[in-house]
Every structure is written in structure tokens, then in C-alpha cells.
Amino acid sequence: MPRKPRRSGLLAPRPLTFSPFGRSVSRAVAAHSLVNKVSMSKFDRKSSSEYTADGTGNNESKEDDPPSDSSEDDTPEVSSSEEETDQEVIQADFAFFDPKPNNFHGVKTLLQSYLDDKQWDISSFVDLIIAQTTVGSVVRIEDDEDEGLFAFLTALNLGRYKNHKCIAEIKDYLLKVCPEDGPTGNLKALLEDQAEHVGLIVSQRVTNLPPQLLPHLYDALFDEISWATEDEPTEDLRKSFRFKHFLLVSRIYKKIAQSKKGSTSSTDEDVIYVKAEDELFHQLCSWSFTFSLQTQPPAAQELKNYRMMGLVMAVKADKAPTFRKKLRSLIDDS
């Protein structure tokens, strides 16, 4: 069976929301991010994947500039119209790799806001992600000497790691933020009685990762889960990847209720998804809930009527084939 590293030649990133309003917001956010969040030196050495970047500055390689590890959960301010229009194409060659110890700081940086402002054992959580090499990928520029990390995706069995402090802290956090009228019973069941059959999908990336990577990234995850149920050396390990449910912790922008004087446009979406794939997971989930976040990113003009919220979703594992099909169609049609 083919294993990592896997290469993927991709086109320039495009907004991935269905409505005109959502597309405009996504485009504005992506434009600013590409101008201010990506190290130019990371793209000067490759030539297979188009990437937009500000064309007004100096595009010479700067070896001292590391790649940004800004999480997709962090939304930048909107750039000026000149910045949005005055762009040129930079090319990059992305590849997927198994996690390894020198990815520790990159993964940790991307996870900084995973549990909002909670102080928790994030380093141990990163250790779990890195140690699980049979299921999980990190995304880097192929043959890049600095090995800057642009994304990672994995699924951790909540039962297998239940005795780890970081997993206990995640469970406690989710139970705490679940609203009183929310699916508390269902959440407790997945976190406790059914934990050995639950995979916590953890997906973090820089804001401007090309969306065309997403189908390949999720195909890799679900393929590796399937392979692990057959290839792991012990029955206990093989069993640990036979998931019945997936649990996801993510973020959305939710429209704020306005008074008549400050009413929003009727074309505004009630929800804007920070990650394109979350809309599909939300459609397929068995249940979900949102919760307030203590830390809010700087408000872009297009998002002035929105507030970032936490989103927790439970998805049955047998929905994975449908999700993969929908994700590929979403990317192909965008």
C-alpha cells in the first residue's frame, strides 16, 4: 500500500463557502493572510503549486524568516483593496509526512488556541500526536531545509489515551463548556463509556493553506485508519482504530443578534465556517453544540457582525465515505 510522503500539486487557494456573502468574507480574509502570514522564502525554492502573495514587496529569499504557524482559528484583519488586487503567483510543492519529534514546536504552535485560553498540558498532547505515526500527517514544503509546518491532521482514540492528563483535561473542558440545554448526556457517553470507540479528530493549519490539499489530507487520514485496523502489530492496537464515532472541536463565526438600528443585511449568513470541511461535518453530525470563547481575534470589517464561537461535533464513523465524497465535490466545484 502506498505510504507517505505523498506529493500534491495544487492550484491557487480559493474561497470555500457556498453563499456570495460567505465567499466575499473568505476571500477578504484569505487575501490579508496571504499578504502578511506567509514567509516568502518558503516558496522560492519550489514550483509545482501556485500560491498568491503580495506583489508589492521584495520577493527575494529570506532565510531568516520562518514560516508562519498562525492557526486557521486566528482570523487576520482585512487587507486594503490595493493589497487584495496587487498580487503575484508564488509556487510551492507540498508533501505529507509522518509526524516526527522535530515537528513538536510546529504542532504546538498550531494548537495554541485549541482550548481557547485554558491552561492545560498541551505539550503532552503534542507528544501523543507526534508518537502516533501510523495514523496522522503533517504538511510541509517538500525538501524544505527548515521543515516549517503548515498543517497537521490526526485522530486519537480517547479510550486508549484516557489515563493521560491532557486527554482528561480535554474531556473536562468539553463537559464544562457544553451548555445546560446541550447534548450533555451524549457527550458524556462518548467521553466515558464509549471512549474506546471514539476518535478525536484534531485538524490545525495555517489560514492560507491551499484548500485543494484538503481531500488528499482527509483521504490519507481515513485510509490510514483503515490500514491500521489490519496492519498494527497487536489486536489491542488494531481494535483502537476501529472507530464508531469521531469527535471534533473547531470554531465558527456566528452572527450576533442586532437591534433594529444596527440590523445586519438579510444576505448575511448565520454561520461562517472557519474551516471549509466543518460545514460538511456539521451536516453529517449526530449532534453538535456551540459555546462562547474568551479569546476573540481582531475583527475584520466583513466580520463586524459576527462573534467567534467554539463548535463541538459528533460524527458517526460510517459517515466518512460520504464526507470524503462531499469534500472532493466541494473543492472541485469551488
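This is a predicted model: local features need pLDDT of at least 70, side-chain atom pairs count only at pLDDT 80 or more; totals for chains, interfaces and linings use all residues.
Start with strand β7, which covers residues 198-205. Ser 203 lies in this strand. Is Ser 203 buried or exposed? Ser 203 is buried, because its relative accessible area is 8% and the cut-off for buried is under 20%.

Which residues does Ser 203 touch, leaving aside those up to four places away in sequence? The contacts are Phe 152, Leu 153, Tyr 218, Lys 275 and Glu 277. Two of these names return below. Glu 277 takes part in a salt bridge, and Tyr 218 belongs to an aromatic cluster.

## The buried side of helix α4

Helix α4 runs over residues 122-131. Its buried residues are Ile 122, Phe 125, Val 126, Leu 128, Ile 129 and Ile 130. An α-helix has 3.6 residues a turn, so residues three or four places apart point the same way.

What covers the buried residues of α4? The cover includes α3 (104-110), β6 (149-157), α5 (165-177) and β7. Strand β7 is also the place of Ser 203.

Side chains of opposite charge can pair when their charged atoms come close. The model holds seven salt bridges. One of them joins Arg 205 and Glu 277. Their closest N and O atoms are 2.8 Å apart. Arg 205 lies in strand β7 and Glu 277 in helix α9 (residues 276-284), so the pair ties together parts that are 72 residues apart in sequence.

Both partners are buried. Arg 205 has a relative accessible area of 4%. For Glu 277 the value is 0%.

Four residues are linked in a network of salt bridges: Asp 219, Asp 223, Arg 324 and Arg 328. Take Arg 328 and Asp 219, whose side chains meet with N to O at 2.6 Å. This pair links distant parts of the chain, 109 residues apart. Arg 328 is in helix α10 (residues 320-333), and Asp 219 is in helix α7 (residues 214-231).

Arg 324 and Asp 223 form another salt bridge, at 3.0 Å from N to O. Again the link is between α10, which holds Arg 324, and α7, which holds Asp 223. These two residues are 101 apart.

Arg 328 counts as partly exposed at 31%. Arg 324 is partly exposed at 25%. Asp 223 is partly exposed too, at 27%.

## Aromatic rings

How many aromatic pairs does a search of the whole structure find? The search gives 15. One aromatic cluster is formed by Tyr 218, Phe 222, Phe 241, Phe 243, Phe 246, Phe 281 and Phe 323. Among them, Tyr 218 also touches Ser 203.

A charge meets a ring elsewhere. The charged end of Arg 140 sits over the ring of Phe 97. The distance to the ring centre is 4.0 Å.

## Cysteines

How many disulfides are there? The count is zero. Cys 166 is buried, at 0% relative accessibility. Cys 285 is buried as well, with a relative accessible area of 16%.

Note on methods
Residues are numbered from 1 along each chain as its sequence is written. Side-chain values use heavy atoms; hydrogens and water are left out. Helices (H or I, at least four residues) and strands (E, at least two) are DSSP runs, numbered from the N terminus. Buried means under 20% relative accessible area, exposed over 50%, partly exposed in between (1.4 Å probe, protein chains only). Contact means heavy atoms within 4.5 Å. A disulfide is a pair of cysteine sulfur atoms within 2.5 Å. Rings of Phe, Tyr and Trp (its six-membered ring) pair if their centres lie within 6.5 Å; planes under 30 degrees apart count as stacked, over 60 as edge-to-face and the rest as tilted. A charge sits over a ring if NZ of Lys or CZ of Arg is within 6 Å of the ring centre and within 35 degrees of the ring normal.
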